[in-house]
Amino acid sequence: MTLESTQNQPQPIEARVTSLELELTEIKQILATVTPPQKPWWERIAGSHANDSTFEAVIQLGQEWRKTAQ
């Protein structure tokens, strides 16, 4: 049996999953060294509306609407 003929045979699903898990672990390790860790999106936008009069108006309108909806 040649290498080519064994590569064409389907692998059991467990072997395929194990192979994929190993590859994913390697990719994650590579990405961890290449890209800096990022903050979650909510931490990146926290405070971005500070001292924004338009946002304050939106908050005020939302509060007024909730009072009338009760």
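Colleague: Where is Thr33 found?

Modeller: Thr33 is found in helix α2. Helices here are DSSP runs of H or I with at least four residues, strands are E runs of at least two, and both are numbered from the N terminus. This is a predicted model, where local features need pLDDT of at least 70, side-chain atom pairs count only at pLDDT 80 or more, and totals for chains, interfaces and linings use all residues. Residues are numbered from 1 along each chain as its sequence is written, and side-chain values use heavy atoms, with hydrogens and water left out.

Colleague: Is Thr33 buried or exposed?

Modeller: Thr33 is exposed, with a relative accessible area of 68%. Buried means under 20%, exposed over 50%, and partly exposed in between, with a 1.4 Å probe and protein chains only.

Colleague: What does the side chain of Thr33 reach?

Modeller: The backbone oxygen of Ile30, at 2.8 Å. A polar contact is a pair of N or O atoms within 3.5 Å; within protein, one must be able to donate a hydrogen and the other to accept it, and residues adjacent in sequence count only if both atoms are side-chain atoms.

Colleague: Which residues form the nonpolar patch?

Modeller: Leu24, Ile27 and Leu31, with about 270 Å² of accessible area together. Leu31 lies in α2, residues 13–34, and is partly exposed at 46% relative accessible area. Patch residues have over 30% relative accessible area and no salt bridge; like charges are joined within 9 Å, nonpolar side chains (Val, Leu, Ile, Met, Phe, Trp, Tyr) within 5 Å. A salt bridge is a side-chain nitrogen of Lys or Arg within 4 Å of a carboxyl oxygen of Asp or Glu. Areas come from Shrake-Rupley with a 1.4 Å probe; for residues, only the protein chains shown count as cover.

Colleague: Zooming out, how many helices and strands?

Modeller: Four helices and zero strands. Buried residues make up 1% of the 70 residues.

Colleague: What about the span of α4?

Modeller: Helix α4 (residues 53–69) has 17 residues and reaches 24 Å from its first C-alpha to its last, close to the 24 Å expected at 1.5 Å a residue. The expected span is 1.5 Å times one less than the number of residues.
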